[in-house]
Amino acid sequence: MVRELNKIRISHGLRSLRRSQSLHQSSSHYARFLMVRNMFAHRARIAVASRFEWAGENLELHWGWRPRPRYTVSRWMNSPEHREVILSSEWRWVGVGNSRGRFHSSAATIWVAHFGKL
C-alpha cells in the first residue's frame, strides 16, 4: 500500500512518504477497532503518537477479503477529499493498516492510512 501511495505522489512531483512504525500501529489498531464494532467513520481526533504535530487519515471499506491496495488507492484518488490528503506536500510519514473480517455479516476489508507531519 505504501508503495502504491508513493507511486502516486512521485507522479505528481511530490516526495515519497517515509514509513512510520507508530503510524502503522495506530492505523492497524483503528482498522481492527472499526471492524470489531461494525463501524465505519472518522473520529474527531486521530489517535497517533504525540510526536506528530499534524495527522491525516484516509479510510476505505470494500467487500471481500482480498486486500486490493491498488483498488483502494484508486478509489481514494477518485474522491476529492481523500486525494487532497494523499497529495498534500505537508505529510512526510505514513503508516497503513487493514482488517479483514465480517462487517454487518459480509466479508469485508477495511483500510486505514495515517499520515503525519513532525
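**Salt bridges in the predicted model**

Arg 75 is partly exposed, with a relative accessible area of 39%; here, buried means under 20% relative accessible area, exposed over 50%, and partly exposed in between (1.4 Å probe, protein chains only). This is a predicted model, in which local features need pLDDT of at least 70 and side-chain atom pairs count only at pLDDT 80 or more, while totals for chains, interfaces and linings use all residues. Residues are numbered from 1 along each chain as its sequence is written, and side-chain values use heavy atoms, with hydrogens and water left out.

Side chains of opposite charge can pair when their charged atoms come close. The structure holds 4 salt bridges, a salt bridge being a side-chain nitrogen of Lys or Arg within 4 Å of a carboxyl oxygen of Asp or Glu. One of them joins Arg 75 to Glu 60, with the closest N and O atoms 3.2 Å apart. This pair links distant parts of the chain, 15 residues apart: Glu 60 belongs to strand E2 (residues 54-63) and Arg 75 to helix H3. Helices (H or I, at least four residues) and strands (E, at least two) are DSSP runs, numbered from the N terminus. Glu 60 counts as buried, at 3% relative accessibility.

Glu 4, Lys 7 and Arg 70 are linked in a network of salt bridges. Glu 4 and Lys 7 approach to 3.4 Å between their closest N and O atoms; both lie in helix H1 (residues 2-11), 3 residues apart, about one turn of the helix. Arg 70 meets Glu 4 in a salt bridge at 3.3 Å, N to O. Arg 70 lies in helix H3 (residues 69-77) and Glu 4 in helix H1, so this pair ties together parts that are 66 residues apart in sequence.
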